[in-house]
Amino acid sequence: MSDYTDHFKETISTALRELSPEHREVIELTYFSEQTSSDIAAVLGISPQTVRMRLFHARRRLRRILEQEGVTRSMLESSEIPPANPLPEPGPTPQEESPLSDSQGSPPHRSPSPLHKPPGHQIGRFVTFFYSERTKARVFDPIIADLQHEYIEALGKGEKWKAGWVRVRGYWGFWKAVGLQTVIGQIVGRILGLFKIN
Amino acid sequence: MLDNFESIPRLSAKEALILQMLIASGEMYGLQMVEESEGNLKRGTVYVTLNRMEDKGYLSSRQEDRRSEAIGLPRRLYRPKAHGVRVYGAWERLATELIPGFVK
């Protein structure tokens with residue numbers, strides 16, 4: 001996993017160095033600081049339309065550089081599988097052609113690697129409404145960690161379909177654990193266990 | 001022997017399997033146990049079981065060490081506690097004597 005990640009990051013930063021300063025600026029502000037196009041426009045003193053236009057050209061340029069560097073399309077596209085959960089997933093890769101999704105007012109540099117957010121990085125917050133931090137750390141976080149680990153591993157091998165499956169299965173396991181952690185869930189689990197279902 | 005029967009903590013089949021694997025290999029990831037259990041443990045439920053076992057004092061867990069720039073949440077590593085090893089030993093002896101044809 002880390003080999004892939006390191007290689008991926010190195011390729012991206014090499015590609016970024018080859019961009020023009022204007023292009024690099026918008027890419028870095030968008031993906032590394034997670035700012036909206038109007039935030040960036042205010043910072044750079046240009047209109048939001050110009051920011052989006054620059055971003056469009058910068059992404060196209062970046063894609064060509066990455067393709068020359070041997071980053072395959074499927075490798076990058078596989079990080080764009082639509083999320084299986086209803087929670088928002090801000091995680092555009094530099095490859096994405098869709099209009100820039102606005103970040104959700106989150107502080108910049110929150111994550112050590114905003115370039116590639118694996119699935120489930122927000123779902124954990126949901127369970128804190130119902131369960132203690134301790135339960136979250138002991139039961140739910142490990143499930144998400146496994147999901148992310150397998151997801152990134154599958155992407156590293158270029159197995160897009162497998163990454164998608166890992167994601168769906170991961171969320172299923174997660175909700176199953178949420179149900180099981182309740183008292184009623186325990187009783188149902190025992191009953192199902194008697195019949196060797198489960 | 002049967003006088004002590006009530007005082008021996010009961011282990012469920014899953015708990016016994018987890019302890020057996022942990023005693024054999026020292027420290028394992030949850031997912032690793034699921035993979036090595038040949039379908040006896042499920043990935044969605046294993047952490048619920050592990051959490052309960054930790055509460056009962058059978059095992060301890062810690063987050064894996066990793067570099068700060070690694071992507072995703074850190075995974076958890078589990079290792080048996082002395083109490084867990086003792087309970088498993090007792091459970092195994094009991095099972096061997098009480099259940100005809102019980103193979104470890």
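Biologist: Leaving aside neighbours within four places in sequence, which residues is Ile18(B) in contact with?

Modeller: This is a predicted model, in which local features need pLDDT of at least 70 and side-chain atom pairs count only at pLDDT 80 or more, while totals for chains, interfaces and linings use all residues. Side-chain values use heavy atoms, without hydrogens and water; residues are numbered from 1 along each chain as its sequence is written, and chains are lettered from A and ligands numbered from 1 in the order in which they are written. Contact means heavy atoms within 4.5 Å. With sequence neighbours within four places set aside, the contacts of Ile18(B) are Met33(B), Leu41(B), Val46(B), Thr49(B), Leu50(B), Met53(B) and Leu59(B).

Biologist: How many residues does the largest nonpolar core have?

Modeller: A nonpolar core is a set of buried Ala, Val, Leu, Ile, Met, Phe, Trp, Tyr and Cys residues joined through side-chain atoms within 4.5 Å. Buried means under 20% relative accessible area, exposed over 50%, and partly exposed in between (1.4 Å probe, protein chains only). Ile18(B), Phe140(A) and Phe174(A) are among the residues with the most contacts inside the largest core, whose residues number 41.

Biologist: Which helix gives the most to this core?

Modeller: Helices (H or I, at least four residues) and strands (E, at least two) are DSSP runs, numbered from the N terminus. The elements that each supply at least two core residues come from both chains, including helix H6 (123-127) and helix H8 (160-180) of chain A and helix H1 (13-25) of chain B. The most, 9 residues, comes from H7(A).

Biologist: How many residues are in the second, separate core?

Modeller: Among its members are Phe8(A), Leu16(A), Leu29(A) and Ala41(A). The size of this second core is 17 residues.

Biologist: In which sense do strands E1 and E3 of chain B pair?

Modeller: Two strands pair if DSSP finds at least two bridges between them. Tyr29(B) stands opposite Leu77(B) in E3(B). Between E1 (residues 28-29) and E3 (residues 76-80) there are 2 bridges, and the sense is antiparallel.

Biologist: How many bridges join strand E2 of chain B to E3(B)?

Modeller: One of the pairings is Ser61(B) with Tyr78(B) in E3(B). E2 covers residues 59-63 and runs antiparallel to E3(B), and the number of bridges is 5.

Biologist: Is Glu150(A) buried or exposed?

Modeller: Glu150(A) forms a salt bridge (a side-chain nitrogen of Lys or Arg within 4 Å of a carboxyl oxygen of Asp or Glu) with Arg169(A), the closest N and O atoms being 3.3 Å apart. The pair links helix H7 of chain A to helix H8 of chain A, 19 residues apart. Because its relative accessibility is 13%, Glu150(A) counts as buried.

Biologist: How many residues apart in sequence are the parts that Arg79(B) and Glu27(B) tie together?

Modeller: The side chains of Arg79(B) and Glu27(B) meet in a salt bridge of 3.3 Å, N to O. Arg79(B) lies in strand E3 of chain B and Glu27(B) in the loop between H1 and E1 of chain B, so the parts tied together are apart in sequence by 52 residues.

Biologist: Which residues do salt bridges that share partners join into one network?

Modeller: Asp65(B) and Arg62(B) form a salt bridge of 3.7 Å, N to O. Asp65(B) is exposed at 67% relative accessible area, whereas Arg62(B) is partly exposed at 31%. Through shared partners, the one network joins Glu27(B), Arg62(B), Asp65(B) and Arg79(B).
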